[in-house]
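Here's a quick walk through a few spots in this model. Have the sequence and the 3D view open as you read.

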Amino acid sequence: MKAVRFHRHGGPEVLKYEDAPDPKPGSDEALVRVKACALNHLDIWARNGLPNVAIRMPHISGSDIAGVVEAVPPEETGLRRGDEVIVNPGVGCGRCDRCLSGRDDQCADYRIIGYGMDGGYAELVTVKRTHLITKPARMTFEEAASFPLVFETAYHMLVTKARVGPGDAVLVLAANSGVGIAAVQIAKLLGAKVFATAGGTEKAEGARRLGADYTIDHYKQNVLEEVKKLTGNRGVDVVVEHVGKATWEWSVKALAKGGRLVTCGATTGADAVTDLRYIFSRELTVYGSYMAGLGELLEVVKLFEQGRLKTVVDSVFSLEKAGEAQTRMEKSTHFGKIVLKV
Ligand SMILES: [Zn+2]
């Protein structure tokens with residue numbers, strides 16, 4: 001098969017479009033012909049290399065996959081060759097107490113397709129049969145590839161962790177990002193009042209179209225001051241954090257008494273400063289959030305089938321242009337998901 005692989009860590013230039021051996025499915029795996037694969041920041045972290053994370057080389061990135069079943073295990077009855085599917089990107093052991101109680105994201109053996117194992121920057125990928133989900137018929141392959149990871153992440157953050165309800169004021173940082181686009185819509189569905197930050201008028205407009213009640217231009221405005229102004233000095237009930245060092249300090253300060261901060265990432269750096277006086281005196285709660293359980297992804301799929309959520313595809317590149325696609329993501333000029341068409 002053709003695949004985009006890297007043999008060493010580095011910039012986009014280490015991505016090579018080349019021949020790679022066809023993956024051989026194990027006894028509980030299906031072989032999927034990839035039609036589309038969306039990018040995530042995880043792909044760039046894997047390519048650059050992270051301390052304490054060993055990536056097996058050569059590596060194939062790509063966690064968000066939509067495609068067609070090519071071959072199924074002999075005993076499979078629910079899936080057939082030719083079925084159009086999306087892939088649940090998080091893989092637990094399937095046997096431990098966490099996996100069996102729907103918290104597979106807390107499994108000790110939890111791995112992400114395209115990160116802890118080969119992914120979808122390729123013509124073929126092997127996937128556990130239990131991780132294949134029927135693609136919503138109304139979606140194209142590009143749309144279908146662009147939602148699992150970020151929407152399940154946002155669902156886990158807002159529904160499972162922060163338990164957002166009607167009337168909550170929710171601040172979503174970087175509403176143009178994949179997680180941001182998902183979080184604005186899910187918070188809105190839950191009945192919250194949504195405040196979104198975005199860089200520039202165009203992105204702010206985009207956030208408003210997705211349902212944000214108020215937008216703050218983080219290039220021109222002081223986000224903390226604006227939040228205070230818009231909430232009558234009260235602050236928000238929930239902050240959706242994934243930016244990290246650059247925003248963390250005021251994310252904490254933007255919370256009302258009893259507020260919840262939920263974080264799923266640190267794109268600008270992890271060594272953020274927390275003023276602990278805010279945590280105890282305002283009785284704040286900080287939730288960590290990492291991916292989601294399979295059941296949560298199925299809830300998200302239902303919402304897409306009902307047309308209550310929508311994906312935003314920023315751009316589509318051919319597989320061999322994966323380097324250009326990642327460069328676009330690193331420049332942060334995009335609004336929505338960047339997708340590779342295979
Ligand atoms: Zn497990």
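This is a predicted model: local features need pLDDT of at least 70, side-chain atom pairs count only at pLDDT 80 or more; totals for chains, interfaces and linings use all residues.

Residues are numbered from 1 along each chain as its sequence is written, and side-chain values use heavy atoms, with hydrogens and water left out.

Which residues of helix 6 are buried? In this helix (residues 201-209), they are Lys203, Ala204, Gly206 and Ala207. Buried here means under 20% relative accessible area, exposed means over 50%, and partly exposed is in between (1.4 Å probe, protein chains only). The four cover an arc of only 155° around the axis, so they sit on the same side of helix 6; the arc is that of the directions from the helix axis to the C-beta atoms. Over on the other side, Thr201, Glu202 and Arg209 are exposed.

And what do the buried residues of helix 6 pack against? Their partners are helix 5 (178-189), strand 11 (193-198) and strand 12 (214-217). Helices (H or I, at least four residues) and strands (E, at least two) are DSSP runs, numbered from the N terminus, and contact means heavy atoms within 4.5 Å.

## Helix 1 against helix 11

Helix 1 (residues 41-48) packs with helix 11 (residues 322-331) at an angle of about 105°, their axes 10 Å apart. Axes are lines fitted to C-alpha atoms, for helices over the stretch in contact, and angles run from 0 to 180 degrees between N-to-C directions. The two helices are therefore roughly perpendicular to each other (under 35 degrees counts as roughly parallel, over 145 as roughly antiparallel, 65 to 115 as roughly perpendicular and the rest as oblique).

From helix 1, His41, Asp43, Ile44, Arg47 and Asn48 meet Gln326, Met329 and Glu330 of helix 11.

## Cysteines

How many disulfides are there? The count is zero, taking a disulfide as a pair of cysteine sulfur atoms within 2.5 Å. Cys37 is in none, and the nearest cysteine sulfur, that of Cys264, is 19 Å away. Cys37 also counts as buried, because its relative accessibility is 0%.

## Lys16

Lys16 lies in strand 2 (residues 16-19). This lysine is partly exposed, at a relative accessible area of 41%. Leaving aside residues up to four places away in sequence, Lys16 touches Ala3, Val4 and Arg5.
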